Amino acid sequence: MTPSSPQSRLRGRVEIEKLDYHHYLPLFFDGLCEMTFPYEFFARQGIHDMLEHGGSKILPVIPQLIIPIKNALNLRNRQVICVTLKVLQHLVVSADMVGEALVPYYRQILPIMNIFKNMNRE
């Protein structure tokens, strides 16, 4: 099964809604730095699955996600940055108030995005 196949989904023994979001969501976000298959696939699919089903469990975990997001952006790898930006987009729309909860962390995240933005102008 390749990462682009329509049936490439993760299956677990526990329903996603029953997972400990304080433990597993930051763990999957740590995987944003991965660039080799299948590790990068597991991390990204895990993130998207948890964000899709997390609802109110996501907001309390935001502070734990900042360092993994910052670490992924600090790699300055275009592929990792693009994936991280897509994950951030999904994160913001995943639950109420998540976008507002990220505001205090802009100083940690935005400088790296500014460097990336300036790289694309050259």
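This is a predicted model: local features need pLDDT of at least 70, side-chain atom pairs count only at pLDDT 80 or more; totals for chains, interfaces and linings use all residues.

Visitor: What makes I62 count as buried?

Guide: Buried means under 20% relative accessible area, exposed means over 50%, and partly exposed is in between (1.4 Å probe, protein chains only). I62 has 1% relative accessibility, so I62 counts as buried. Across the protein chain, buried residues make up 36% of the 122 residues.

Visitor: And what about C33, buried or exposed or in between?

Guide: C33 comes out at 26%, so it is partly exposed. C82, at 38%, is partly exposed too.

Visitor: Which residues have the most contacts inside the largest nonpolar core?

Guide: They are L25, F29, I58, I62, L65, I69 and L91, in a core of 28 residues. A nonpolar core is a set of buried Ala, Val, Leu, Ile, Met, Phe, Trp, Tyr and Cys residues joined through side-chain atoms within 4.5 Å.

Visitor: Which residues does I62 touch, leaving aside its neighbours within four places in sequence?

Guide: I62, which lies in helix α3, is in contact (heavy atoms within 4.5 Å) with L91, V98, A101, L102 and Y105.

Visitor: Why is α3 called roughly antiparallel to α4?

Guide: Their axes come within 9 Å and cross at roughly 160 degrees. Axes are lines fitted to C-alpha atoms, for helices over the stretch in contact, and angles run from 0 to 180 degrees between N-to-C directions. Angles under 35 degrees count as roughly parallel, over 145 as roughly antiparallel, 65 to 115 as roughly perpendicular and the rest as oblique. So α3 is roughly antiparallel to α4. The contact is made by I62, L65, I69, A72 and L73 of α3 and V80, I81, T84, L88 and L91 of α4.

Visitor: How many disulfides does the count come to?

Guide: A disulfide here is a pair of cysteine sulfur atoms within 2.5 Å, and by that rule the count comes to zero.

Conventions. Residues are numbered from 1 along each chain as its sequence is written. Side-chain values use heavy atoms; hydrogens and water are left out. Helices (H or I, at least four residues) and strands (E, at least two) are DSSP runs, numbered from the N terminus.
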